Amino acid sequence: MLTIKNLQANVEGKPILKGLDLEIKPGEVHAIMGPNGSGKSTLGHVLAGRPGYEITGGSIFFKGENLIEMETEQRARNGLFLAFQYPVEIPGVSNMEFLKASVDALQEHKGEQPMDSVSFLRQAREMYKQVDLDPGFLKRGVNEGFSGGEKKRNELIQMLMLQPALAILDETDSGLDIDALQVVAEAVNSLRSCERSIVMITHYQRLLDYIKPDFVHVLSDGKIVRSGDKSLALELEEKGYGWISEVE
Amino acid sequence: MSKQALNHIINNEYAAGFVTDIESDTLPAGLDEDVIAFISAKKDEPEWLLQWRINAYREWLKMAAPDWAHVNFPKIDFDAISYYSSPKGMSDGPKSLEEVDPELLATYAKLGIPLHEQEALAGVAVDAVFDSVSIATTFRSKLAEAGVIFCSISEAVKQYPELVKKYLGTVVSQADNFYAALNSAVFSDGTFVYIPKDVRCPMELSTYFRINEAKTGQFERTLIIADEGSYVSYLEGCTAPMRDENQLHAAVVELVALNDSEIKYSTVQNWYPGDAAGKGGIYNFVTKRGLAHKNAHISWTQVETGSAITWKYPSVILLGDNSIGEFYSVALTNNYQQADTGSKMIHIGKNTKSTIISKGISAGKSSNAYRGLVKVIPRASGARNYTQCDSLLIGDTCAAHTFPYIESSNSTAVIEHEATTSKVSDEQLYLCQQRGLAAEKAVSMIVNGFCKEVFKELPMEFAVEAGKLLEVSLEGSVG
Ligand SMILES: Nc1ncnc2c1ncn2[C@@H]1O[C@H](COP(=O)(O)OP(=O)(O)OP(=O)(O)O)[C@@H](O)[C@H]1O
Ligand SMILES: [Mg+2]
């Protein structure tokens, strides 16, 4: 699904990723943890193709294709999805319009007819219910005036509608109450399949109680310094990140 | 105008930019009283109208071109313009369609405006004005059944002289301003509408203006009279060929809404805007004003995307008590376009109400200014105005300005003004792209969202098309 080798990237001229390796196979769920400012979000943006994020070395292959050469929207159409840590507002553009436009863009890319409005609406309403948001939100501007938790749920809806091959969730569990955590978990688990891969960036191992990851990685200063299974997350919770640098 | 017509107004890369190869009677460039006499004679006008034109011309000579607008352009040489051009054989005004040059019909068909009634969109009557003359008006007999008069103004002068004489120049006088005076002197054609008392016009009326000849100006004059208790909705659309030199379009539109009547006037203006380097394009200097009598309601809706320069302030004089004036505007500028547009609401009657919603979008190196005046005279007690003007910037090289003027001489008047400026941010574009949308689609979606309040005022079938027009006009503004 995704093969990253020796990835180096700059943000605003400053090196952030410093030789990162990661291999994700179809069907796998990976958790990425690490201290603030270690480059977790940067990795997500580099994969998603955020303008201004410059790749200075290494390679990324996504479903066998060179990801670096793909435009941002091309990556999305090929099935790469990023749930943002800080979703922006787009006033005046309704969630309904926005969702329909992205679903249509992906359908078109697959050479399929756009979904008819009735089934689209039915499906979208379902998704809102699934993440415990009032379907009335469909009429509101994208993230416009949403609370922090509502924004996160809105990201999940987009993910569920687009059914990505690779979903990267950047701290979608942060700032959520306990019930919401379960909502996130259910959404992600409903997406799990042998053809899909999921990357969860998180600070809290409790999310991993609900979504059992196949691998846990620790990102520190732009590199993956430690990989393991779920027990690594528990260990981290107990001992903190300092423990890792001590071990090194 | 049909949906298809609008599609053509807005087509990619200015598809309306072709030239029709047709022989024309075009007057040599220059303006004097002989030229005016020629135009008047060509149209077989009565003496009073000739005199009216000459008076306007003499006023014009005393006036200077206005320089207060936030626009820059080289001084116009009014002697380098031809003031009359008509497709050969059409100077006598519209005949039956059988006599119209097929080349002309083909032009309108190409623009998506079939003039054969059986092909036209049901429910929309069209007056087609080509350079200086009206070449065809559809659905006239159907309208006549309702007593509605819909014809070219030249024809109205002949057929309904009392109506024309009674109302022409009563809303925009001959000496109103420089361009209105020029128009009054040389106006060639335009549309005339009269809705009789208590009649609800059975169909949308529309005029499609087309400039074809090089080095000509278009000076159309539109006069719409809604008699007591009547209702009409009118839509105009405009295109012109792509030419390297600038062309002048100085129109005057007068609306008379008598007691208890309602006029909805919508414009989709897509004159050629010039190329991406700012060469060529139409100078659109237009005076539009409505006079609202007691309980009357005048509403202007405009979507302005074309023209190199737009100078235009559709206004309402709220003369009668309880009258209502509205102005809904989307003005989009890209590349080197300049727009200075807005509205004037003059409250004279008691309990008069006005609303101004202006949405300015600037991209490229363009400049977009809102200029508005809300005036309340001492006797207009209970007057209310709500003004909202929002600017949206795309990129870092464009500019937006707001010049609101408020003159209130009545303490009971309530005037509210709100203004915002926002920018299409890189983060917003990135979010859209991450969801599979191309940047241009994203911008057009954001812009459409921004304009929603105005689009909902357009006749239904045109609202979607207006959105597409913005999309096309924004081409090249991102990425
Ligand atoms: N636009 C920018 N300009 C300069 N530095 C930046 C920019 N964006 C990110 N950085 C820096 O890059 C580093 C990595 O940031 P990143 O957001 O990837 O961290 P993170 O691991 O996601 O942290 P957190 O856990 O707090 O979300 C930080 O030091 C941050 O300040
Ligand atoms: Mg982060």
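Trainee: This is a predicted model. Why is S230(B) called buried?
Mentor: The relative accessibility of S230(B) is 1%, and the cut-off for buried is under 20%, so S230(B) counts as buried.

Trainee: Where is S230(B) found, and what is it in contact with?
Mentor: S230(B) sits in the loop between β8 (221–226) and β9 (231–239) of chain B. Leaving aside neighbours within four places in sequence, S230(B) is in contact with I195(B), P196(B), D198(B), V199(B), D260(B), S261(B) and E262(B).

Trainee: What does the side chain of S230(B) reach?
Mentor: The side chain of S230(B) reaches the backbone oxygen of D227(B) at 2.7 Å. The limit for a polar contact is 3.5 Å, and 2.7 Å is within that.

Trainee: Which annotation covers residues 142–200 of chain B?
Mentor: An unreviewed UniProt entry gives "domain: SUF system FeS cluster assembly SufBD N-terminal" for that range. Over residues 142–200 of chain B the chain is 46% helix and 15% strand, and the end C-alpha atoms are 13 Å apart.

Trainee: What makes helix α8 (residues 178–186) of chain B mostly covered?
Mentor: The count does: 9 of its 9 residues are buried. They are F178(B), Y179(B), A180(B), A181(B), L182(B), N183(B), S184(B), A185(B) and V186(B).

Trainee: How do you know that N177(B) caps the N-terminal end of α8(B)?
Mentor: A side-chain oxygen of N177(B) lies 2.9 Å from the backbone nitrogen of Y179(B). With the polar-contact limit at 3.5 Å, the 2.9 Å distance qualifies.

Trainee: Why is V376(B) called buried?
Mentor: V376(B) has 2% relative accessibility, and buried means under 20%, so V376(B) counts as buried. V376(B) is found in strand β20 (residues 367–376) of chain B.

Trainee: Which residues is V376(B) in contact with?
Mentor: Leaving aside neighbours within four places in sequence, the contacts of V376(B) are H347(B), A383(B), E407(B), S408(B), S409(B), N410(B), A413(B) and I415(B). As for L474(B), 98 residues apart from V376(B) along the chain, the two C-alpha atoms are separated by 38 Å.

Trainee: What makes E407(B) and K375(B) a salt bridge?
Mentor: Their closest N and O atoms are 3.8 Å apart, and the cut-off is within 4 Å, so the pair passes.

Trainee: Why are E407(B) and K375(B) called partly exposed?
Mentor: The relative accessible area is 39% for E407(B) and 32% for K375(B). Buried means under 20% and exposed over 50%, so both values fall in between.

Trainee: Are D390(B) and K359(B), which meet in a salt bridge, buried or exposed?
Mentor: D390(B) has 7% relative accessibility and K359(B) has 4%. Each is under 20%, so both count as buried. The N to O distance of their salt bridge is 2.8 Å. D390(B) lies in strand β21 (residues 384–393) of chain B and K359(B) in strand β19 (residues 353–362) of chain B, so the pair ties together parts that are 31 residues apart in sequence.

Trainee: How do you know that E45(B) and R53(B) are buried?
Mentor: E45(B) is at 15% relative accessibility and R53(B) at 0%, and the cut-off is under 20%. The two side chains meet in a salt bridge at 2.7 Å, N to O.

Trainee: What else describes the interface of chain A and chain B?
Mentor: 32 residues of chain A are in contact with 17 residues of chain B. The chains bury about 2,000 Å² between them, 64% of it on carbon and sulfur atoms. There are 11 residue pairs in polar contact between chain A and chain B. The largest share of the side of chain A that touches chain B, 6 residues, comes from α3(A).

Definitions and conventions. Residues are numbered from 1 along each chain as its sequence is written. Chains are lettered from A and ligands numbered from 1 in the order in which they are written. This is a predicted model: local features need pLDDT of at least 70, side-chain atom pairs count only at pLDDT 80 or more; totals for chains, interfaces and linings use all residues. Side-chain values use heavy atoms; hydrogens and water are left out. Contact means heavy atoms within 4.5 Å. Buried area is the accessible area (1.4 Å probe) that two parts lose on being put together, summed over both. A polar contact is a pair of N or O atoms within 3.5 Å; within protein, one must be able to donate a hydrogen and the other to accept it, and residues adjacent in sequence count only if both atoms are side-chain atoms. Helices (H or I, at least four residues) and strands (E, at least two) are DSSP runs, numbered from the N terminus. Buried means under 20% relative accessible area, exposed over 50%, partly exposed in between (1.4 Å probe, protein chains only). UniProt positions are given in the numbering used here, feature names are shortened, and annotations may be inferred rather than shown by experiment.
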